[in-house]
Amino acid sequence: RGLGDVYKRQEVKIDIAELEYKAKSYAQSDAKKKSTGAWVGGSTLASLLASPLLGGGLTIIMAYNTGGDTDVPIAYTMDVKNKYGENYDALRIFSDSYEKEYKALVRKKQGGSAWMGTGLGFAINLAILSALLSSN
């Protein structure tokens with residue numbers, strides 16, 4: 001590839017809708033693979049130790065507001081570079097869309113898992129309380 005190729009590729013008109021769609025599709029696929037079992041376990045434990053309202057509630061708030069930060073995988077960046085060359089704007093649009101979508105999806109998934117763990121902790125607390133009350 002010569003220098004002329006680089007300049008020519010930078011002049012390719014950026015299809016913003018296509019870049020955003022592709023970035024969101026990749027992010028959705030990657031977010032589905034993200035495990036949230038630790039959020040279920042953590043919120044269950046927090047609910048058991050500090051009550052579902054306090055322990056579970058704090059875990060839920062944390063789950064919806066932390067994590068999900070990621071870097072765009074190199075393979076995806078290379079896909080954009082193959083079409084647009086070293087076009088900074090195309091890479092930025094793609095990266096911003098991917099990171100924003102991935103973060104939102106992961107946080108939503110974490111929040112759902114924290115709710116599940118809090119419910120599980122609440123049910124266990126009820127079972128323990130019921131067993132203690134029935135034994136007296």
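1. A residue is called buried here when its relative accessible area is under 20%, exposed when it is over 50%, and partly exposed in between, with a 1.4 Å probe and protein chains only. By that criterion, buried residues make up 32% of the 136 residues in the chain.

2. This is a predicted model, in which local features need pLDDT of at least 70 and side-chain atom pairs count only at pLDDT 80 or more, while totals for chains, interfaces and linings use all residues. Residues are numbered from 1 along each chain as its sequence is written, and side-chain values use heavy atoms, with hydrogens and water left out.

3. The chain holds five helices and zero strands, where helices (H or I, at least four residues) and strands (E, at least two) are DSSP runs numbered from the N terminus. Its radius of gyration, taken over C-alpha atoms, is 23 Å, well over the 14 Å that the globule rule (2.2 Å times the number of residues to the power 0.38) gives for 136 residues, so the chain is more spread out than a compact globule. The C-alpha trace spans about 85 × 20 × 20 Å along its principal axes.

4. Of the contacts (heavy atoms within 4.5 Å) with a separation of 6 or more, 86% are between residues 24 or more positions apart.

5. G67 lies in the loop between helix 3 (37-65) and helix 4 (74-84), and is partly exposed, with a relative accessible area of 30%. Not counting residues up to four places away in sequence, G67 touches K103, R107 and Q110; R107 is 40 residues from G67 in sequence, yet their C-alpha atoms are 6.7 Å apart.
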